[in-house]
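Here are my notes after a look through this one. Have the sequence and the model open side by side as you go.

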Amino acid sequence: MKIGAVLKLRRDDRGETLEEVAYRAGTDASNLSRIERGTQQPSVGLLEALARALETRVSDLYLEVERTQHMPDPPVSRWGGELARLQRHVKELTPENRLLVVEFCKLLKRIQRGSGEADKVAADD
């Protein structure tokens, strides 16, 4: 895995677009896209700006490159960026409201499970 792939993975995990990260780093989306695809290498200054935009350090990015160099490519997250977006929103809530989010998710799961059983019964009829 190269530095561009690590940048893309970090950006995807955060649920952010090329435009959002590029803007905060002071570059444009097409430039960041080329870096992520490995067709262009970032300058040291741009890499530092991209790391700041992704709220990490350049050394952490390279540690990830080294850690994954001899490992197969990680599977694509089935969540896409949804989990990262949810985490960002939940992080801003009060502790009481975070508990409400958890209870709401449990309720949705019960409703979903219940509708699945109802669908099964209807299909059996």
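**Notes on the model**

1. Let me start with E16: at 9% relative accessibility, E16 counts as buried (buried means under 20% relative accessible area, exposed over 50%, and partly exposed in between, with a 1.4 Å probe and protein chains only). Its salt-bridge partner is R24, with the closest N and O atoms 2.9 Å apart; a salt bridge here is a side-chain nitrogen of Lys or Arg within 4 Å of a carboxyl oxygen of Asp or Glu. R24 itself is partly exposed, at 40% relative accessibility.

2. Some housekeeping before going on. This is a predicted model, where local features need pLDDT of at least 70 and side-chain atom pairs count only at pLDDT 80 or more, while totals for chains, interfaces and linings use all residues. Residues are numbered from 1 along each chain as its sequence is written, and side-chain values use heavy atoms, with hydrogens and water left out.

3. Helices (H or I, at least four residues) and strands (E, at least two) are DSSP runs, numbered from the N terminus. Of the 125 residues, 26% count as buried. As for contacts (heavy atoms within 4.5 Å), residues 24 or more positions apart account for 60% of those with a separation of 6 or more.

4. Which residues have the most contacts inside the largest nonpolar core? They are L7, V21, L50 and L61, in a core of 17 residues. Such a core is a set of buried Ala, Val, Leu, Ile, Met, Phe, Trp, Tyr and Cys residues joined through side-chain atoms within 4.5 Å. At least two residues of this core come from each of α1 (3-14), α2 (18-25), α3 (29-37), α4 (44-53) and α5 (58-68), and α4 gives the most, with six. Leaving out residues up to four places away in sequence, L50 touches L7, V21, A25, L32 and I35. For background, nonpolar side chains tend to be buried together in soluble globular proteins.

5. Helix α3 deserves a look. Its buried residues are A29, N31, L32, S33, I35 and E36, and the buried residues of α3 pack against α1, α2 and α4. Just after α3, G38 takes a positive phi of about 85°.

6. I would zoom in on E36, a residue of α3. Is E36 buried or exposed? At 10% relative accessibility, E36 counts as buried. The side chains of E36 and R11 are joined by a polar contact of 2.7 Å. A polar contact is a pair of N or O atoms within 3.5 Å; within protein, one must be able to donate a hydrogen and the other to accept it, and residues adjacent in sequence count only if both atoms are side-chain atoms. Setting aside neighbours within four places in sequence, E36 is in contact with G4, A5, L7, K8, R11 and L18.

7. On to the other salt bridges: the count comes to nine. D60 and R57 meet through their side chains at 3.1 Å, N to O, and R57 is exposed, at 52% relative accessibility. Salt bridges that share partners also join K8, R11, D12 and E36 into one network. R11 is buried, with a relative accessible area of 7%, whereas D12 is partly exposed, at 30%.

8. Then there is T56, in the loop between α4 and α5. T56 is buried, with a relative accessible area of 15%. The side chains of T56 and R10 make a polar contact of 2.9 Å, and the C-alpha atoms of these two, 46 residues apart along the chain, are separated by 9.3 Å. Not counting residues up to four places away in sequence, T56 touches R10, A51 and L61.

9. Last, the surface. The accessible surface of the protein chain comes to about 9100 Å², of which 57% belongs to carbon and sulfur atoms; areas come from the Shrake-Rupley method with a 1.4 Å probe, and for residues only the protein chains shown count as cover. F104, L107, L108 and I111 form a nonpolar surface patch with about 370 Å² of accessible area together. Patches are made of residues with over 30% relative accessible area and no salt bridge, with like charges joined within 9 Å and nonpolar side chains (Val, Leu, Ile, Met, Phe, Trp, Tyr) within 5 Å. L107 lies in helix α7 (residues 95-124) and counts as partly exposed, at 37% relative accessibility.
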